[in-house]
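Keep the structure open beside you as you read.

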Amino acid sequence: MRAREIHAGLQLLDRQVVRVGTGGLVCKVDDLELQGDPPYVSAILAGPLALGPRVGGLPGWLMVQVTRLFRPEEDPQPRRIPMHLVNEIGSAVVVGGEPAEPALERWLRENVIARIPGSGGEGPPYAEPEHATGHAPRISALLGRRVTDAEGTVVGKVADVRLCQDGPLLHGVQNAFRIAGLVVVPERTGKLFGYERGPGGQAPWLVRAVITRWFSGSALVGWDQVDASSARFETPEVRLTVPARDLAPLTDLYEREPRG
Amino acid sequence: MKRLFAVTLGILTAFGGFVDIGDLVANGLVGARFGMSLAWTVVVGVIGICLFAEMSGRIAAVSGRPVFDLVRERLGPKAGLVNLAASLFVNLLTLAAEIGGASLALELATGVNYLLWVPAVAFVAWLVMWRVKFETMERVFGLAGLALVVFVVALWQLGPDWGELGRQLTSPPQDEGAPTYWYYAIALLGGAMTPYEVFFFSSGGVEEKWRPRDLVTARANVFVGFPLGGLMSISIAACAATVFLPFDAQVDALGEIVLPVGLGLGQIGMALVIFGVFAATFGATLETALSSGYTLSQYFGWQWGKFVRPRSAARFHAVLLVAVVLATALILTTIDPIMVTEYSLVFSAAALPLTYFPVLLIANDPDYMGDRVNGRFTNALGTFYMILLSLITVAALPLMIATKAGQ
């Protein structure tokens, strides 16, 4: 059996995290924490401290600063849900364990909602959320980064990160998603909206035609084609070890992922 | 038998819940000024809302994901945040307008100034959202809104010159400029296709735990209930066209919009129409307030919904509370509720593509939908509407400025 391949931006980031069994809504996948070399996804990061930097600009800055104001720690980090708790990745990300409650929810419940008559039974028991420690790289650091090839010419920017589930074994339950490659698109473009995946999701015709044309010149980069120092997030741009002409075209995804 | 009953009940609920303050005001106003010459936009709007409500309902039933989940997932956090800000702004205006509308209906019934009714309406609306079960809430106000059928009966009683109404369909009045005509076309479309309707419809699907087998019910609601609601909208315009157009009378108060029913059916008609207006606007107050909570919670991934106790969805209920308070404060500034409605219609029309584009994309994504992706016909129609809605986005605000908001 071939290991499962997914696109981090398209199929994991910004999806709803729900709890196994009860279906309770936990959070969004606001970012992904990376570990190891070659890097693999070690945890889901959630909350304003993960979302803010991705939103950027004034709103993103505000999200981060306001949250920092209310957190007691010196250098607060976002909430973290380790990847070994993930049961299923589909239209939602289903996690096991006892996901902790964010502080805002608890504060509003204790000070506002629970004081109004008829708010219902006891809320869930409080558990201290697990926070990330230190500054592990995040997958959003790769997204949007400029890509240059072995000769120094600009190839484009990173639109998405391909993950392959054949990384190290996590807690003896499942293999981690290892970074397998990058989807690189021309610099002056935006989101691919999932139209890079070939036969699946190819309609409506007009949208596909516009996007295909706009993104002509996009390429697939294998992680083995990425320069070792950029692969460790040490350089401001992603440097490749091969010239741009050796890269596979994006249309290769069509043949690799047949429908069904 | 039970199934048939459920389907019928659903259709009636969708029918009665279709009309809100936006439809009432836009159709009354347009009928009085332009006769039936803009009736076609209601048809375009109803087809559009059917199309996108069906898609979002299907997505909710198959994948369990409501519309704003899709917005953030497909547009990303930045564009999603822009959409969130725009939707919340429009939603708040609409919520204020609905509270105002319900209070105006109470003023018509009692003679007590509507401003005194505003806090009471807002409080009761909040209480209903706090305590009443989702299904009961939707049913009661949807069915009560059916009282607005009196517009159809009144039109028939007024005995208009049907030939004249038919002639108006294709010929706008000469004394109105083209920009004003198109401005009101956009307002009518905004009334029929308001984004909160799909936020509410799809989140409601999740609240009621729809599964793929419930698709029959969902489709019946959309394809039968909504067009019937559209017919009701057109009859409001036709009533106004019959009574006001011959005298060139301007309509700018709720009392004038319901007046034709009084002329056609007397006091009983008047009582019914006021009851209907109250039920429709009060029901829509709940829908818009809940939609604010749905959009914000679904963007940030918070627990939302009335299917859990308020204590388990503290942030969601706090948003509802704040939204109701803000909208009440806005109406209490004595700003004209009818004017707020007009503005909210045009702003909603401008914000439509932001919401409907991700719905169209996800309805085609086999990752979500399996083999229930859109067919060719739905896609052709969906593409046509995306182009139309993008044109409206570009045209809405310039037209608003050029016509001084339709004057």
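The report below goes from the model itself to the interface, a helix pair and some backbone details.

## About the model

This is a predicted model, in which local features need pLDDT of at least 70, side-chain atom pairs count only at pLDDT 80 or more, and totals for chains, interfaces and linings use all residues. Residues are numbered from 1 along each chain as its sequence is written, chains are lettered from A and ligands numbered from 1 in the order in which they are written, and side-chain values use heavy atoms, with hydrogens and water left out.

## Where the two chains meet

The size of an interface is often given as the accessible area lost when the parts come together. Between chain A and chain B, about 3900 Å² is buried, and carbon and sulfur atoms give 59% of this. (Buried area is the accessible area, found with a 1.4 Å probe, that two parts lose on being put together, summed over both.) On the chain A side, A:Leu25, A:Glu105 and A:Phe193 lose the most area to chain B, together 15% of what that side buries.

Chain A brings 49 residues to the contact and chain B brings 43, where contact means heavy atoms within 4.5 Å. Five salt bridges cross this interface; the term stands for a side-chain nitrogen of Lys or Arg within 4 Å of a carboxyl oxygen of Asp or Glu. A:Glu105 forms a salt bridge with B:Arg315, and their closest N and O atoms are 2.6 Å apart.

## A pair of helices in chain B

Helices α14 (residues 337–362) and α16 (residues 376–402) of chain B pack at about 145 degrees, with axes 9 Å apart. Helices (H or I, at least four residues) and strands (E, at least two) are DSSP runs, numbered from the N terminus. Axes are lines fitted to C-alpha atoms, for helices over the stretch in contact, and angles run from 0 to 180 degrees between N-to-C directions.

## Backbone details

In chain A, a cis peptide bond joins A:Asp37 and A:Pro38, with omega about 5 degrees. A:Pro38 lies in the loop between β4 (31–35) and β5 (40–46).

Which residues other than glycine have a positive phi? A:Asp14 has phi near 70 degrees, and B:Lys404 has phi near 50 degrees. A:Asp14 sits in the loop between α1 (8–12) and β2 (16–19) of chain A, and B:Lys404 in the segment after α16 of chain B. A:Asp14 is buried at 2% relative accessible area, whereas B:Lys404 is exposed at 61% (buried means under 20%, exposed over 50%, partly exposed in between, with a 1.4 Å probe and protein chains only).
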